[in-house]
2 protein chains.
Amino acid sequence: MSLSLRVGQLAARAGVTVRALHHYEAAGLLAPDRTPTGHRRYGAAEVERLQQIVSLRSLGLGLDAIRRTLDAPGFDPAAVVAQQRAVLAADLDRLGALDRRLGDLERLLRRRAEAGTPISPDTFLTLTTIMNDILKHYTPDQLQQLAERRDALGDDAIREVEAEWPRLFASLGAEMDAATDPAAPAVQTLVARWDELVAMFTGGDAGIERSLGDAWEASGDQMAQMNGLSSERMRALFAYAQRARDAQP
Amino acid sequence: MSLSLRVGQLAARAGVTVRALHHYEAAGLLAPDRTPTGHRRYGAAEVERLQQIVSLRSLGLGLDAIRRTLDAPGFDPAAVVAQQRAVLAADLDRLGALDRRLGDLERLLRRRAEAGTPISPDTFLTLTTIMNDILKHYTPDQLQQLAERRDALGDDAIREVEAEWPRLFASLGAEMDAATDPAAPAVQTLVARWDELVAMFTGGDAGIERSLGDAWEASGDQMAQMNGLSSERMRALFAYAQRARDAQP
DNA sequence: CTTGCTCCTCACGCGGCGTGAGGTCCGTAC
DNA sequence: GTACGGACCTCACGCCGCGTGAGGAGCAAG
């Protein structure tokens, strides 16, 4: 007169659905007896095996891994756990990176909103595109350095710099429109400040600066849009600034 | 004479696969023109939209959410980011909880391996089952308290306690077999120690102790197996200990 | 005209089930 | 005996974001 449960009973007792039991059976994990009419009967052995299945599932193992584990009587528990932690660590890394990116974005949006120059939907899309380009052009190491650099600068400094870029472009644009000699002190001062701002973020790392150049090239149009300039004007500004740098004493 | 790319070209340029472009189109995200023979031609507008799609995807948005976002010209960037972070936070919580559980298991396995009493595959499965039962019977708050309690105790103390349980059960079993009066000092001392060990982990919290009782009831067989006892003997031991507690002066 | 590449449209696969659809079996009440 | 509600059965599609062929047509160059 041994234990014999029907699907619904076992499901209720084990805290799983009937469908899951069907699925486990189809996956070759659990093989109950059948009554002559085809109804499933679960004995003590199946109950125990189901508990093991459920527990291993709760550790994140897939049904395939569970089957392999349970069917290998001499498996190494430590290896199973370690393997699972490794898989999980990879997932956590990806999600963590995503979270950092979203956090960066959130802070930027908040800074701009608080500064009275909120990010419009269009600019937001442009911004995410730039972020994406940057991620393609920088190595993880470089990104790490940039993040540290930014944290070291602090929110207030970033706020000021963000506000300074448009002014800088405007001033430089005015000189360009006036056809000022790129070697003139006024232009030199502006370009020096430009390079200073860039250096603030790159920390003077040559590799990072080079990557920044690549990223700028890839998303020049977006950068222009972010600063309210046309692509052509942005390119002209870049060229003008470069002539100024070349004309340095 | 405007920009016109074919799938392969756009795919290469945007760093996605041709299949993905097909998929985005089927999902109603991207609608390129077609040549008379049915080949797709992507113009500047489609290139830009693809960049937006790719960037939003890189923030973790699903295709459906991307479509809703891009098709709502007045969406709120902050809301999109916040929503996405919320989703992500939930995922991170789940994975974090999983990681803690696996970490607990890993430490327990290591302690037992170092103590010379490694966990066998069978015992491991029993153990995960118990962990599962415990998780069902405790509230998250209680689990939190238990974890803190454990950290406060430290590895060495835990090691000693783990080694003490089997000895305690053996001693108490001997008294039971000898039919010693439950009120006898020797028995009282052992049961007091039992309750002390339990209290060490529950921190004396009544709610936690009650839940522990439930969990013990649910996985009594497994507890017995872990300590190398039959279910019947385990039950007898529990009953004997209870009589001792009732017989307290 | 042929070669070799790119493009096209189905359509299945994955992981772990949820969720019906349509039909059978079981235990109890009449 | 039979009628009824509930539990059970077996397909089989849906989800999410594509990967991965299969089988065939278009396209540029020799």
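B:A179 is exposed, because 8 other C-beta atoms lie within 10 Å (a residue is buried with 20 or more other C-beta atoms within 10 Å of its own, exposed with 12 or fewer, and partly exposed in between, C-beta atoms being placed from the backbone). In this predicted model, local features need pLDDT of at least 70, side-chain atom pairs count only at pLDDT 80 or more, and totals for chains, interfaces and linings use all residues. Residues are numbered from 1 along each chain as its sequence is written, while chains are lettered from A and ligands numbered from 1 in the order in which they are written.

B:A179 has a positive phi of about 60 degrees, although it is not a glycine. Most residues other than glycine have a negative phi. The loop between α8 (155-177) and α9 (185-202) of chain B holds B:A179 (helices are DSSP runs of H or I with at least four residues, strands are runs of E with at least two, and both are numbered from the N terminus). In chain A, A:A179 also has a positive phi of about 60 degrees without being a glycine. A:A179 is found in the loop between α8 (155-177) and α9 (185-202) of chain A, and is exposed, with 8 other C-beta atoms within 10 Å.

## Relation of the two chains

The same surface serves both copies, as 100% of the contact residues of chain B recur in chain A.

## Contact between chains A and B

Chain B and chain A each bring 36 residues to the contact (two residues are in contact if their C-beta atoms, placed from the backbone, lie within 7 Å). On the side of chain B that touches chain A, α3 (44-58), α5 (77-114) and α6 (121-137) of chain B each supply at least two residues. α5(B) gives the most, with 17 residues.

By class, this side of chain B has 21 nonpolar, 10 polar and 5 charged residues (Ala, Val, Leu, Ile, Met, Phe, Trp, Tyr, Cys and Pro count as nonpolar, Asp, Glu, Lys and Arg as charged, and the others, Gly among them, as polar).

## Surface near DNA strand C

DNA strand C is surrounded by 19 residues, the closest being A:A20, A:G62, B:R6, B:G8 and B:R40 (near means that the C-beta atom, placed from the backbone, lies within 6 Å of the strand). The residues of this surface divide into 4 nonpolar, 10 polar and 5 charged.
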